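Let's take a walk through this structure together. Have the sequence and the 3D view ready.

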Amino acid sequence: MENKIRFSEVLKKYTMVIVLALVIILFTVNTGGKMLLPQNVNNLIVQNAYVFILATGMLFCILTGGNIDLSVGSVVCFVGAVGGKMMVTNEMNPYLSIIVMLLVGLLIGAWQGFWIAYVRIPPFIVTLAGMLVFRGLSNVVLEGMTLAPMPDNFLALFNNYIPDFFGMEGFNMTCFLVGVVVCVLYVFMVLKGRASRAKKGYRVEPFGGVLIKMIVICAAVLAFMFRLAQYKGIPNSLVWIVLVIAVYTYIASKTTVGRYFYAVGGNEKATKLSGINTNRVYFLAYLNMGFLAAVAGMVTTARLNSANPTAGTNFEMDAIGACFIGGASAYGGTGTVPGVIIGALLMGVLNLGMSIMGVDQNMQKVVKGLVLLAAVIFDVVSKRKSFIVK
Amino acid sequence: MAKILLEMKNITKTFPGVKALDNVNLKVEEGEIHALVGENGAGKSTLMNVLSGIYPYGSYEGDIIYNGEICRFTNIKDSEAKGIVIIHQELALIPYMTIGENMYLGNEKGPAFSINWNETYGEADEYLKTVGLEESSRTLIKDIGVGKQQLVEIAKALAKHAKLLILDEPTASLNEDDSKALLELLLKFKKEGMTSIIISHKLNEISYVADKITVIRDGSTIETLDKKTDDISENRIIQGMVGRELTDRFPKRPHVKIGDVSMEVKNWTVHHPLYSERKVVDNASFKVHKGEVVGISGLMGAGRTELAMSIFGKSYGTGISGQVFIDGKEVKMNTVTDAIKHKVAYVTEDRKGNGLILSSPIKINTTLANLKNVSKRGVLDNDKEYAVADEYREKLKTKCPTVEQNVGNLSGGNQQKVLLAKWMFTEPDILILDEPTRGIDVGAKYEIYCIINDLVAAGKSVIMISSELPEVLGMSDRIYIMNEGKIVGEVSGQEATQENIMSRILKSSKGE
């Protein structure tokens, strides 16, 4: 009896992870194993880098009450356009350009955040306006042309691979060793945290569950790094993604600022009466979104090796979709960074798998749309007793 | 013997894991006012939901016999067709529709594609007259007060040709005047032959209007008291509800030495946030000592909550003027953060709307106002947070499996305890408790009173705003009486009586 309850709880908590695993298996079988070829595993990360970064920022907007940012795709394009103008047309220093691009992102975030947080214009409207404004400005800056190629220094930061120090033929040992180190560190941290809790007399989770979780995570990390090692090693964009995920996971779960986002989404009035500046929370959400959109803009520009006026189209939809598939509540207040990453991965796997299978582009959109709807239906319905609202 | 209009026989209703109703029996005679009382969660509302078809036939066991026939309602329409109309505690009116539109919502006059508005408003006006509401049925709901909205609900029920009217906590959000008017209306209907079932926590009202009282405890009927033959005093009803004789509804406070003045407010004036020429609080001055419970009594709309919230970091109103002294020094509290820093806490009357994050666990709610204490340089110590929340759970005897439980799943009394814990954790010296026992059952009330006693015993000052006179009288060392934004009187706890407080309020309303 007790085991049964725990099983269903585990199922509920890790639904999307299980779905992700099933989808990967399905595609692997259907593509005759092509899905898991080293190059495809690499592409999964490199092609979707922008989704991971944007979805992380989008989560914080959604947390404040289901608010979305429609402008991120256009901001990605605009930041790229500014970078292209500086680095390609004017041949300016790439590092200076990067700083300017980040500042542009922050400025855009502050602009939109101000209207949303302090004047209380609905985010949907402000960011819809932003979507038009920055798409238009991108075209103005680029004068409707594509600027290429990007300077090498810039590409080295965002588009290359971490060099191998071992020089083995066909296998990037550095990459695999990084995976091993990550696993060891992870296991060490979990065990240490658990021990210190037990020492202080706090409750600890049952060891069996922790062990299974550790084994699954380590196995996934090692398999993943092994595949990357068989290709070109660790792509630089993966480093940026991991950095963003790590920093924002920490902010969301371990800092007071992170807690404010959840509180505002849960009950804004109560949060305000608890002495928390709720306006600032909204402002921070959109300021941060602008910043991460700039980061995504650099990654995207580097990957395309050009700044062009159509870059970033529909990126906002991918980011929003990843958040909701990943379990963020459409009403705000719930959702986690790891959940959103799972959501983004699921979208990426669907894209990749269907492309390998040669599914028609339009049918791919149909499938992705239905998956998004299904995920949110599942999220909403699983929280109440009956399927149809009475 | 009068005809039995409704009989509910051996009703049993189970939810997953809980037996909400266990062989409940209820007999209602035609033309009587039948009261249903019980602690929160006793099963009163569940029983009425079974009766009105919200829980359809088949989802419960037992029989509903109405007007001599067994009824099998599958939805509210079925029961309404028979003349059983339920008015819920939370009013179900749409603010931006007119009174008339609301009254006939789902029941529109004329053909579906061409509603007859003249007939609608004409009839609506008739019913409004019956309930004694002097408003045109073309007025928008948002423009009338809660008391009037309750009357609209009743008029709506009449428009459905109600024969059996069920009122769930009809006076919970009404002030004394409106409550009184509502009760008189029920008595008037009774004379005209209407049968009513009333659910209420306000026992004095029940003793006043009810012919029979059925007591429900833990999902079973305990007893039915008849006005003609039984004692239906408040104490007698409480005894049935809690299953023990509650000789003292207010715990004795061990003698607490009342110390120096801890907070003094002078000439406090607050204007309405939208209509800035209107004074909501008018030149109010009061003080509270260490170790003292000060009650603020008054009718709803007297400006008590507004007074408290405007002091608490200017959370309400505009054009605020006046001075606040804490421990003899003047302080400025412009934000909630300032107020918390000056060790003032305000426990809201609206725990769901303004107090708690229902979708978050107990521990997150407990620490929200004082995250500083469970974090270092902005980084949370999750283990410490858990320990803190657990400590308060034990201290306040909050009933919950763990502090990871979402607050939304707790009963009203336990939610109130979490809210108190949240503010006690900010380590305040002065606590303003706004309606601390609203909508919670007698047992939980007693526990909240004990907590208040512990607080003053520790030398804190408590300002208690309450609309329940017995509570103010039972708990306060000193009572301020507020009316229409002004403090119109001050009495000590010993000399205060319901009569002299009410008479002060009424006198000041007349301008004496």
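Here is a short tour, from chain A to a sheet in chain B.

First, some housekeeping: this is a predicted model, in which local features need pLDDT of at least 70, side-chain atom pairs count only at pLDDT 80 or more, and totals for chains, interfaces and linings use all residues. Residues are numbered from 1 along each chain as its sequence is written, while chains are lettered from A and ligands numbered from 1 in the order in which they are written.

Chain A has 16 helices and zero strands (helices, H or I, are DSSP runs of at least four residues and strands, E, of at least two, numbered from the N terminus). Its C-alpha trace spans about 70 × 60 × 45 Å along the principal axes. Of the 390 residues in chain A, 43% are buried, meaning that 20 or more other C-beta atoms, placed from the backbone, lie within 10 Å of the residue's own.

Over in chain B, four strands form an open sheet in the order 12-11-14-15, with antiparallel pairing (two strands pair if DSSP finds at least two bridges between them). Strands 12 (279–289) and 15 (329–331) of chain B stand at the edges with a single partner strand each, so one side of each is left without a neighbour in the sheet. Strand 14 (residues 318–326) of chain B is joined to strand 15 of chain B by three bridges, and I326(B) stands opposite K329(B).

How values were computed
Buried ≥ 20, exposed ≤ 12 C-beta atoms within 10 Å, placed from the backbone.
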